[in-house]
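Here is a briefing on one protein chain. Look over the sequence and the model before reading on.

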Amino acid sequence: MGVFVTGVRPRWSDMDAFGHVNHANTVTLLEEARIDLLFTEAARHGVPDMAHGVVVARLTVDYLVPLVFTGDEVVVEMSVRELKSASFTLDYSVRNGRREGSPVVATAETLMVPYNLTAGRPRRLLEAERDFLAGWRAGGNGA
């Protein structure tokens, strides 16, 4: 499977009164992981244009158990589920820690739309962007 794996570290301020990472801050952790894939990894593969405009059109998060702040990194696994000419869907699994067998605490999906910031409107994916994303498609080999 084409799964991109990255670690993100919750901050002390991400915790609510119960010691859980709250929803808004979980969404920020997903954003940090997504930036690692779509900006950093894409640029490493010669696809820098995504950093110039891609927006979240829809976000869904399902919590399986609370994400408890421990000070350790959480692991975010991402893959491309659906790839269209002007959008793509990312699936996420969030694991509470890097230990083997760390539990999945949340799953999420984002519908992403490439966006032309100058024109102020959505745009089609470039061929290089499609090729990069196809490498992270479920069943792909990861670029």
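This is a predicted model: local features need pLDDT of at least 70, side-chain atom pairs count only at pLDDT 80 or more; totals for chains, interfaces and linings use all residues.

The chain holds 2 helices and 6 strands. Their order from the N terminus is β-α-β-β-β-β-β-α. The radius of gyration is 15 Å, close to the 15 Å that the globule rule gives for 143 residues, so the chain is as compact as a globular protein of that length.

**Overall fold**

- Along the principal axes, the C-alpha atoms fill a box of roughly 45 × 35 × 25 Å.
- Buried residues make up 40% of the 143 in the chain.
- Take the contacts between residues at least 6 apart in sequence: 65% of them join residues at least 24 apart.

**Helix 2 and its cover**

- Helix 2 spans residues 127–134, and Glu129, Phe132 and Leu133 are buried there. These three cover an arc of only 95 degrees around the axis, which puts them on the same side of helix 2.
- An α-helix has 3.6 residues a turn, so residues three or four places apart point the same way.
- Glu127 and Asp131 are exposed, on the face of helix 2 turned away from its buried side.
- The cover over the buried residues of helix 2 includes helix 1 (23–44), strand 3 (74–83) and strand 4 (88–95).

- Arginine 123 sits in the loop between strand 6 (121–122) and helix 2.
- Its relative accessible area is 18%. Arginine 123 counts as buried because that value is under 20%.
- A polar contact of 2.8 Å links its side chain to that of glutamate 129. Glutamate 129 is one of the buried residues of helix 2.
- Beyond its neighbours within four places in sequence, arginine 123 contacts Asp49, Gly53, Ala86, Pro114, Tyr115, Asn116 and Glu129.

**Salt bridges**

- The model has 10 salt bridges. Three of them follow.
- Arginine 44 and glutamate 41 pair through their side chains at 2.7 Å, N to O. The two are 3 residues apart in helix 1, so about one helical turn separates them.
- Glutamate 41 is buried at 11%.
- Glutamate 73 and arginine 98 form a salt bridge at 2.6 Å, N to O. Glutamate 73 lies in the loop between strand 2 (54–63) and strand 3, and arginine 98 in the loop between strand 4 and strand 5 (104–116), so the pair ties together parts 25 residues apart in sequence.
- Glutamate 73 is partly exposed, with 22% relative accessibility. Arginine 98 is exposed, with 52%.
- Aspartate 91 and arginine 81 meet in a salt bridge at 2.9 Å, N to O. This pair links distant parts of the chain, with aspartate 91 in strand 4 and arginine 81 in strand 3, 10 residues apart.
- Arginine 81 is partly exposed at 40% relative accessible area. Salt bridges with shared partners join Arg58, Arg81, Asp91 and Glu109 into one network.

**Threonine 89**

- Threonine 89 lies in strand 4.
- Buried or exposed? Threonine 89 is buried, at 2% relative accessible area.
- Leaving out residues up to four places away in sequence, threonine 89 touches Ser79, Val80, Arg81, Glu82, Glu109, Thr110 and Leu111.
- Two of these, Arg81 and Glu109, belong to the salt-bridge network.

**Asparagine 25**

- Asparagine 25 lies in helix 1.
- Asparagine 25 is buried, with a relative accessible area of 17%.
- Apart from neighbours within four places in sequence, asparagine 25 is in contact with Ser13 and Asp14.

Methods:
Residues are numbered from 1 along each chain as its sequence is written. Side-chain values use heavy atoms; hydrogens and water are left out. Buried means under 20% relative accessible area, exposed over 50%, partly exposed in between (1.4 Å probe, protein chains only). Helices (H or I, at least four residues) and strands (E, at least two) are DSSP runs, numbered from the N terminus. The arc is that of the directions from the helix axis to the C-beta atoms. Contact means heavy atoms within 4.5 Å. A polar contact is a pair of N or O atoms within 3.5 Å; within protein, one must be able to donate a hydrogen and the other to accept it, and residues adjacent in sequence count only if both atoms are side-chain atoms. A salt bridge is a side-chain nitrogen of Lys or Arg within 4 Å of a carboxyl oxygen of Asp or Glu. The radius of gyration is taken over C-alpha atoms; the globule rule is 2.2 Å times the number of residues to the power 0.38.
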